[in-house]
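Reader: I have just opened this structure and would like a friendly tour. Could you take my questions as they come?

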Amino acid sequence: MTINILPSVCALDCPDTCSLSIGVDGAGRVVSLGGDPRHPITKGFACNKTARYPERRESPERIVQPQRRCGGKGDGRFETVSWDDALDEIAQRSAAVLRNRGPRSILPFSYGGTLGQIQGNHPLTFFRTLGAIEQDQTMCSTTGGAGWERVYGPNKLATPPEMIPHAGLIILWGINAARSHSHLIPWIKQAAKNGAPVIHIDPYENETTRIAQHHVAPRVGSDAALALFLGRELIRRQRVDADFVQKHTSGYPAYVSACDRWTIEKTADRCDLPTEQLRWLADTLCTHDPMYVRVGYGMTRNEGGGNAIQAIASLPAISGAWCRDGGGGGISTSGGFPWNKDHAAGKHRLRPDARRVNQCELGSELNRSDDPIDAMFVFNSNPAVVAPDSAAVRRGLMREDLLLVVLEHFQTDTAKYADFILPATTFLEHADIYAAYGHYHVQWAQPVVPPRGETKPNTWVFAELAKRLKLDEPSLFWDAETIAASLLDSDGFRAAGITWEALRQQRSMPLHPEGVFHPYADGSSYADRKIRLGDPPPVQLEFKETLTAEFPLRLISPPGSHTVNSTMGNDARLKKGRGGRPEILLHPDDAASAGVADGELAEIRSRIGSIRRWVRVTKKARRETAIAVGLWWDRDCPDGKGLNEITSQRLTDLGGGSTYGNVAVGVIPLSDHASANGCT
């Protein structure tokens, strides 16, 4: 039989259809997953990653019973125990931590393993009731969000995808939309058919480049300079919407001054681009209206990432593009969902004096001798692979005195260090409510199949622990429907006609009917409604992590066709689809300088560590750049070391984000490495 479902990832929806079509056989196994052909966005398509979810749900490697460690930390040896035994022991050990050290020593660590509001955010109520550490979720999007919101105020908004065909110019900046925002592509192709040039600005030639008519490949980390140059050209050529700027912005003189420094010659030198290409780019920007600029998060993960987004986000503002159909752009639509998280995420129990830990500094925090972390609960994440400075993270996870509880589907690189692995449901097996970062539909999803084995939703696990710890917060024990109703209890949802009763029946409802919405046409989300162009103005920062003769390349890790992060890292078909082994892509000139050949295993060395990867020599990589497409689990790497072995805990300029795309590396032939260590 076929069941339609609203999933947590890679999907959009409308009131009349569901976004995915799920096949379930007579034994209750999920056997197929694809886009619903009736759906106006998915149109029968699901990306390579989501399409593999049936294999993930049914995998023989899946953990379906609670597991307790029976070997040394990191050995990966576990024994099956009952839920009662596991939860009783976890509660007892947690209670001892609370008595001895207090809640400041208990850390929840979570991110995007499920994008549902219930299974993703409601567990925070448990930790906020305890008074535990507040985890700042900074690894992915905080820098981009901070840069965008510096211009437009709280809560990120974007042009609805349905309006994109009306754009006069499409700029895809620092985003492989064909792989990380695949359902945007048909709208972009329609805009191109209508006559809009499509420009891809990215140091890596990828699948999105093939969709665009033009590719501009600036030096990694020079995006702010390029955007300020384009701002200068709009001003110089009198393509600024003076009326919009006067009514709806502030700081314009400071912005003009910041742009004025970036002449075509200076920009060409900083971005390593030909002046002819820069002149063409400015000509195109100034003769096609309105512009639509979609930016990605990858280019924000360096020391100047926040300023880069701020500079790019200012372009549709000074041109007045937000006022016209198809104009504007965006980094995310997530701020358009007015969730009430007072009880659904325990905001009412949040203590202003709570200790805070930045995810990007997990390695340092786990190894502190003062104010140590004594217990860590991991759900919806795999920090041993995804957190910066993996060696430091691993040292922390190896501590025998650290209680580590991991809610998971598989024995990941993090779970192998756990004291307890608690089997979690997939999005096919539990109810949840979903927002999005690429559209404006709120979605309710019922489970398609029963939980496999003894797997349980995150909310159930923390409710059971709350009972054992005798916590007094009633919302900890709410069911999914009650949590969903609480989330929707806001004036914003009511103004859109979205109530729990209506959503439960329709399962998907739009915040903006027909996709008609012009964010920022009347100003920003700040109290004064002013779009802030120069408060302060964006700047092109010079990195402290410099390139040198020893470390001549800047490493970036964009998403690919078969991987975005570590979530599906153990899927055999996806690993085969991405080439079967972890690689580093190098431009032929850089490979020649390093003395490495295509297909050769080499050492990739940074200032804090080294890994081994196979080299792929290709002109798709620009000079001075090493490209690692996506993450691989440590166990699948030739030396057992993941990519973040060589990334640091350095933070970005805005938002305290990760600097994954900042690291300077050198590529060393293994023969040279062996000689340097006295090997023959």
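Reader: How many positive and negative side chains does the protein have, and how far apart do the centres of the two sets lie?
Author: Glad to start there, and please keep in mind that this is a predicted model. The protein has 77 positive side chains and 78 negative ones. The centres of these two sets lie apart by 1 Å.

Reader: What radius of gyration does the protein have, and what would a compact globule have?
Author: The C-alpha atoms fill a box of roughly 75 × 70 × 50 Å along the principal axes. For 680 residues, a compact globule would have a radius of gyration near 26 Å. The protein agrees with that, at 25 Å.

Reader: How many helices and strands are there, and what share of the contacts joins residues 24 or more positions apart?
Author: The protein contains 24 helices and 27 strands. Taking contacts with a separation of 6 or more, the share from residues 24 or more positions apart is 77%.

Reader: Which residues have the most contacts inside the largest nonpolar core, and which residues does I433 touch?
Author: The largest nonpolar core has 76 residues, and those with the most contacts inside it are Y152, W173, L226, I433, V442, W444 and L488. Another core, of 45 residues, lies apart from it, with F109, V357, M376 and L555 among its members.

Reader: Is H122 buried or exposed, and what does H122 touch?
Author: H122 lies in the loop between α3 (117–121) and α4 (123–130). Its relative accessible area is 3%, so H122 is buried. Not counting residues up to four places away in sequence, H122 touches Q117, H343, A344, A345, T459, S475, L476 and I483.

Reader: Where are the cis peptide bonds from D289 to P290 and from D535 to P536 placed?
Author: Most peptide bonds are trans. The bond from D289 to P290 is cis, with omega near 0°, and the one joining D535 and P536 is cis too, with omega about 0°. P290 sits in the loop between α13 (275–287) and β12 (291–295), while the place of P536 is the loop between β21 (531–532) and β22 (553–556).

Reader: D389 and E624 have a positive phi; is each one buried or partly exposed?
Author: Most residues other than glycine have a negative phi. The cut-off for buried is under 20% relative accessible area. D389 has 16% and so counts as buried, whereas E624 has 26% and is partly exposed.

Reader: How many residues of α17 are buried, and what do they pack against?
Author: Six of the eight residues of α17 are buried, so this helix is mostly covered. The buried ones are S390, A391, A392, V393, G396 and L397. They pack against α15 (362–366), β15 (375–379), α16 and β16 (403–408).

Key
Residues numbered from 1 in each chain as written. Predicted model: local features only at pLDDT ≥ 70, side-chain atom pairs only at ≥ 80, totals over all residues. Heavy atoms only, no water. Helix = DSSP H or I, 4+ residues; strand = E, 2+ residues; numbered from the N terminus. Rg over C-alpha atoms; globule rule 2.2 N^0.38 Å. Contact = heavy atoms within 4.5 Å. Lys, Arg positive; Asp, Glu negative; His and termini not counted. Charge placed at Lys NZ, Arg CZ, Asp CG, Glu CD. Buried < 20%, exposed > 50% of the residue type's maximum accessible area, 1.4 Å probe, protein only. Core = buried A, V, L, I, M, F, W, Y, C linked by side-chain atoms within 4.5 Å.
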